[in-house]
Amino acid sequence: GLEMPVVKAVTTFGKPGVCVVSVAHRRGGFFVTHLGGSTAPLLNGAAFGAEPVQLTDADILELAGTRMRFQLRE
């Protein structure tokens, strides 16, 4: 698969109008938030909304027909 490093403070993924999320790096770790779109994103099979959800190593994020695995690197 394709590897996409998250190196900025906030990185967005998705397709406008369908599903867009942001992944933000904060002091406590990495957090994902649903920004908009008609389809709810899934984190490990469960939908989430506009409230930030902390990501952990090997979490599976699904949006707009794409599955991504979040991997922490030391």
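## Surface and overall shape

Accessible areas here come from the Shrake-Rupley method with a 1.4 Å probe. On that basis the chain exposes about 5000 Å², and carbon and sulfur atoms supply 53% of that area. Keep in mind that what you're looking at is a predicted model.

Along its principal axes, the C-alpha trace spans about 35 × 25 × 20 Å. Of the 74 residues, 31% count as buried. As for charge, there are 7 positive and 6 negative side chains, with the centres of the two sets lying 7 Å apart.

How much of the contact picture involves residues 24 or more positions apart? Counting contacts in the chain with a separation of 6 or more, such residues account for 18%.

In soluble globular proteins, nonpolar side chains tend to be buried together. Here the largest nonpolar core has 12 residues, and among them are Phe-13, Phe-30, Leu-43, Phe-48, Leu-55 and Phe-70. Which elements give two or more residues to this core? They are strand E2 (19–26), strand E3 (29–36) and strand E7 (60–63). The largest share, three residues, comes from E2.

Leu-61 is one of the core residues, and it's a handy place to look around from. Leaving aside neighbours within four places in sequence, Leu-61 is in contact with Val-21, Val-32, Leu-42, Leu-43, Phe-48, Thr-66, Arg-67 and Met-68. Several names in that list, including Val-21, Val-32, Leu-43 and Phe-48, turn up in the core as well.

## A closer look at Cys-19

Cys-19 lies in strand E2 and is part of the core. Is Cys-19 buried or exposed? Its relative accessibility is 0%, and residues under 20% count as buried, so Cys-19 is buried.

Beyond four places in sequence, the contacts of Cys-19 include Phe-13 and Gly-14, then His-34, Gly-36, Gly-37, Thr-39, Ala-40 and Pro-41, and also Leu-63 and Ala-64. Leu-35 sits 16 residues from Cys-19 in sequence, and their C-alpha atoms are 7.7 Å apart in space.

Start in strand E1 (residues 10–15), where you'll find Thr-11. Thr-11 has 12% relative accessibility, so it counts as buried. Setting aside neighbours within four places, Thr-11 is in contact with Val-6, Val-21, Ser-22 and Val-23. Thr-12 and Ser-22 are 10 residues apart in sequence, yet the C-alpha to C-alpha distance is 4.3 Å.

Ser-22 itself lies in strand E2 and is buried, with a relative accessible area of 9%. Thr-33 touches Val-20, Val-21 and Ser-22, plus Phe-48, Gly-49, Ala-50 and Pro-52, not counting residues up to four places away. Ala-64, on the other hand, is 31 residues from Thr-33 in sequence and 15 Å away, C-alpha to C-alpha.

Most residues other than glycine have a negative phi. Where does Asn-44 lie? Asn-44 is in the loop between strand E4 (42–43) and strand E5 (46–47), and its phi is positive, about 55 degrees, although it is not a glycine. With a relative accessible area of 47%, Asn-44 is partly exposed.

Ala-58 is also worth a glance. Its phi is near 75 degrees, a positive value in a residue other than glycine. Ala-58 lies in the loop between strand E6 (53–54) and E7, and it counts as partly exposed at 40% relative accessibility.

Methods: Residues are numbered from 1 along each chain as its sequence is written. This is a predicted model: local features need pLDDT of at least 70, side-chain atom pairs count only at pLDDT 80 or more; totals for chains, interfaces and linings use all residues. Side-chain values use heavy atoms; hydrogens and water are left out. Buried means under 20% relative accessible area, exposed over 50%, partly exposed in between (1.4 Å probe, protein chains only). Contact means heavy atoms within 4.5 Å. Lys and Arg count as positive and Asp and Glu as negative; His and the chain ends are not counted. The place of a charge is taken as NZ of Lys, CZ of Arg, CG of Asp or CD of Glu. A nonpolar core is a set of buried Ala, Val, Leu, Ile, Met, Phe, Trp, Tyr and Cys residues joined through side-chain atoms within 4.5 Å. Helices (H or I, at least four residues) and strands (E, at least two) are DSSP runs, numbered from the N terminus.
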